[in-house]
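Reader: I have a structure to go through and I'm new to this. Can we take it step by step?

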Amino acid sequence: VSARTLARRTSNAVGLSPLQLVQRVRLERSLHLLRTTRMSLDAIAAAVGLGDPATLHRLVKKHTGRSPGALRPGAAAKTA
């Protein structure tokens, strides 16, 4: 499949470019790991294929409006 065909088919199927789809999958997996594990940001970033934890932090903050630490279990209890 050519890059152009992949882009067209991905866009038709899910409304995203291939890069956007990969980033969305990485973000969703990161959010799941943040909420269900005690893995460090370094470990989560590596597990989902992001270059560094700062990139993960920016993505989470951009898409959720909250820091990664605020998404951890018990974070609401700590801030209340």
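**Overall picture**

Author: Of the 80 residues of the protein chain, 22% count as buried, meaning under 20% relative accessible area, with exposed being over 50% and partly exposed in between (1.4 Å probe, protein chains only). This is a predicted model, in which local features need pLDDT of at least 70 and side-chain atom pairs count only at pLDDT 80 or more, while totals for chains, interfaces and linings use all residues. Residues are numbered from 1 along each chain as its sequence is written, and side-chain values use heavy atoms, with hydrogens and water left out.

Reader: How many helices and strands are there in the protein chain?

Author: Five helices and zero strands. Both are DSSP runs numbered from the N terminus: helices are H or I with at least four residues, strands are E with at least two.

Reader: Why is the chain described as more spread out than a compact globule?

Author: Because its radius of gyration, taken over C-alpha atoms, is 15 Å, well over the 12 Å that the globule rule gives for 80 residues. That rule is 2.2 Å times the number of residues to the power 0.38. The C-alpha trace spans about 50 × 20 × 20 Å along its principal axes.

Reader: New topic. Where does serine 30 lie?

Author: Serine 30 is in helix α2, which covers residues 18–36.

Reader: Buried or exposed?

Author: Serine 30 counts as buried, because its relative accessibility is 1%.

Reader: Which residues does serine 30 touch?

Author: Leaving out residues up to four places away in sequence, serine 30 touches Ile44, Val48, Leu50 and Leu56. Contact means heavy atoms within 4.5 Å.

Reader: And how do α2 and α3 pack?

Author: They pack at an angle of about 145°, with their axes 10 Å apart; α3 is residues 41–48. Axes are lines fitted to C-alpha atoms, for helices over the stretch in contact, and angles run from 0 to 180 degrees between N-to-C directions.

Reader: Which residues meet there?

Author: Arg26, Arg29, Ser30, Leu33 and Leu34 in α2 meet Leu41, Ile44, Ala47 and Val48 in α3.

Reader: What about histidine 32, where is that found?

Author: Histidine 32 is also in helix α2. Histidine 32 counts as partly exposed, because its relative accessibility is 40%. Its C-alpha atom is separated by 9.9 Å from that of isoleucine 44, twelve residues apart along the chain.
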